[in-house]
Amino acid sequence: MELFELTVHALQQKLASRQVSSEEIVKSIFARINKVDDKVKAFITLTEEDALNKAREVDNAGQYKGIAGIPLGLKDLFCTPGVNTTCGSKMLADFVPTYASTAFRRLEEQQGILAGKLNMDEFAMGSSTENSSFFATCNPWDLTRVPGGSSGGSAAAVSADEVPFSLGTDTGGSIRQPASFCGVVGMKPTYGRVSRWGVIAFASSLDQVGVISKDVYDNALIMKIIAGHDHLDSTSAALDVPDYTACLDGDIKGLRVAYPQEYFGSGVDAAIKDAIKKALLKYEELGAIVEEVSLPHSEYALPAYYLVAPAEASANLARFDGVRYGYRDNEAENMEAMFSQTRCQGFGDEVKRRIMLGTYALSSGYYDAYYLKALKVRRLIADDFTRVFKDFDIIVAPTTPTTAFKLGKQSGDPLTLYMNDILTVPVNMAGLPGMSIPCGFDQGMPIGMQIIGKAFDEATIYKAAYAYEQSTNFHTMKPALGVE
Amino acid sequence: MALTIAEVEHVAMLARISLNQSEKEQFALELGLVLNYADRLKSLQTDNIQPLDHILPVSNVFREDVVIGSPDREDMFANAPMAEDGQYRVPKII
């Protein structure tokens with residue numbers, strides 16, 4: 001196997017036993033990127049020179065602790081000092097942060113090496129990465145299909161072996177859905193588990209940072225590094241972070257697994273339902289107790305989400321006014337016109353649509369009918385989960401209703417595109433941890449299984465995901481990409 | 001049920017986004033679609049339900065009032081579209 005194909009834990013072993021140097025790994029990664037990224041188009045910015053210099057530093061120091069010397073990719077909304085952070089938007093095309101996001105800083109402290117910044121839907125709004133202001137990313141399994149979104153670059157880069165792992169963010173499914181579409185492992189931890197400091201905000205009560213990786217072990221390993229309280233994010237939880245890799249023993253005898261009937265409705269492709277049902281049989285085989293349950297308010301999660309998330313976005317994105325940073329319309333003759341023209345020209349259609357929607361939902365006369373109503377429904381959705389988790393350890397469901405769709409196919413009607421998130425948004429609304437792992441293929445395209453856990457119980461999700469992964473071989477399958 | 005053009009213009013003013021006529025018509029239609037979809041929430045009885053505005057049961061997070069490092073002023077200004085004498089320059093306000 002080539003170095004670029006290896007997992008983080010395999011690279012750790014090779015570095016620790018001095019079989020390879022970090023420089024060799026970084027060179028292998030960039031050779032791979034040069035070979036395939038004109039097809040996949042996962043990266044907005046590459047940091048090759050810095051990465052090689054850092055790799056040599058690590059090699060010279062000769063200490064390979066943690067993820068020292070291992071390359072990584074970041075969704076382009078994690079602030080990286082001195083490196084462009086565009087958020088997939090013309091608004092921030094030339095923005096260079098002055099400080100590092102906490103999640104990235106924690107990886108850098110262990111001497112993880114940034115390979116580049118990854119494409120995304122503008123301001124993380126979208127499910128296909130086609131809303132990027134710059135270009136669309138392609139699905140490595142079929143270049144005529146989308147990689148999912150909004151962390152589409154993060155998922156495609158891992159799937160195409162361009163980086164061993166990446167970070168993304170998930171507000172309504174933006175880690176799990178692209179992980180599912182690209183056949184990789186994606187974890188959105190509990191709201192508050194990972195600091196959001198230095199992550200460009202979309203919807204602050206829903207946004208959460210997570211990891212996209214080639215296997216469950218790597219995901220657990222990286223999550224342990226980035227998780228935990230941060231005084232710079234007062235919504236980050238002051239709770240201990242368990243050693244997630246320590247619980248990966250494959251023993252899930254007696255684990256109580258629920259599958260919600262509402263997640264197997266008529267809108268979900270038959271091949272996907274079949275794959276999840278097969279996975280549930282596998283769980284029974286492994287000694288778990290599997291039962292059907294009901295989450296009766298599931299159908300209300302999506303309409304409530306499309307009020308709450310845009311409302312919060314409309315407030316968060318008010319800061320992009322052309323004054324202190326980012327794009328500015330220089331033609332405007334007065335301040336008021338400068339604000340409105342800057343935002344008209346700097347934001348793309350979907351971002352404007354959501355700002356407008358959120359502003360409407362918060363505006364005088366509609367606040368109670370839309371925003372407050374949505375928050376009440378949010379309580380009902382969270383209560384559904386609480387009820388099920390009294391008797392069960394995890395919930396298993398499909399991640400997406402379909403496999404990856406064709407590029408350009410769903411860009412017409414916004415509501416059709418929003419439907420992609422129907423199985424992932426309830427988890428964000430309830431603040432729970434959720435993961436997607438590969439569980440099959442339909443006509444050559446990967447299918448993802450979603451595993452949902454109790455608040456701050458990522459450990460049980462990892463344990464259950466690992467047991468399943470180790471008894472199947474889906475995570476070892478690679479897209480051909482038409483290259484040797 | 002589309003929004004009226006006047007409603008779209010009012011929201012665009014609140015959001016400080018200038019729109020041309022075809023964008024106004026497009027948003028009138030599209031926002032109407034999504035709001036129509038959101039109307040299904042009305043079928044749920046929620047009179048005695050407490051709104052869930054935040055997942056974590058935390059409020060008023062305090063820390064000691066100590067000075068910590070802050071980003072370099074010049075680095076911050078490097079991102080400014082226009083700056084002059086250590087201040088942001090903007091078009092005429094009044």
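Predicted model: local features only at pLDDT ≥ 70, side-chain atom pairs only at ≥ 80, totals over all residues.
A:Asp142 is located in the loop that runs between strand 3 (113-118) and helix 5 (152-159) of chain A. When its neighbours within four places in sequence are set aside, A:Asp142 is in contact with A:Lys406 and A:Met445. A:Met445 is 303 residues away from A:Asp142 in sequence, yet the C-alpha atoms of the two residues are 7.7 Å apart in space.

Chain A also contains an open sheet of 11 strands, arranged in the order 1-3-2-4-6-5-10-11-9-7-8, with mixed pairing. Its edges are formed by strand 1 (43-46) and strand 8 (289-293) of chain A, each of which pairs on one side only. On average, and with direction ignored, neighbouring strands of this sheet are turned by 30° against each other. In general, the strands of a sheet pair through backbone hydrogen bonds, in either a parallel or an antiparallel manner. The antiparallel sense is found between strand 5 (residues 185-188) and strand 10 (residues 434-442) of chain A, which pair over three bridges; within strand 10 of chain A, A:Gly434 is the bridge partner of A:Lys188.

Helices of chain A pack on this sheet as well. Helix 12 of chain A touches strand 7 (256-260), strand 8, strand 9 (394-398) and strand 11 (445-453) of chain A, and the direction of this helix makes about 120° with that of strand 9. Helix 15 (residues 458-470) of chain A touches strand 5, strand 9, strand 10 and strand 11 of chain A, and its direction makes about 20° with that of strand 10.

Between the two chains, 65 residues of chain A are in contact with 51 residues of chain B. The size of an interface is often expressed as the accessible area lost when the parts come together. For chain A and chain B the buried area is about 5300 Å², and carbon and sulfur atoms give 70% of this area. The two chains are linked by three salt bridges, including one between B:Arg16 and A:Glu336, in which the closest N and O atoms are 2.7 Å apart. Several helices of chain A, among them helix 9 (298-316), helix 10 (335-346) and helix 12 (367-389), each supply at least two residues to the side that touches chain B. Helix 12 of chain A gives the most to this side, with 11 residues. By class, the side of chain A that touches chain B has 36 nonpolar, 15 polar and 14 charged residues.

How values were computed:
Residues numbered from 1 in each chain as written. Chains lettered and ligands numbered in written order. Heavy atoms only, no water. Contact = heavy atoms within 4.5 Å. Buried area = accessible area lost by both parts, 1.4 Å probe. Salt bridge = Lys/Arg side-chain N within 4 Å of Asp/Glu carboxyl O. Helix = DSSP H or I, 4+ residues; strand = E, 2+ residues; numbered from the N terminus. Nonpolar A, V, L, I, M, F, W, Y, C, P; charged D, E, K, R; others polar. Pairing = 2+ DSSP bridges. Axes fitted to C-alpha atoms, helices over the stretch in contact; angles between N-to-C directions.
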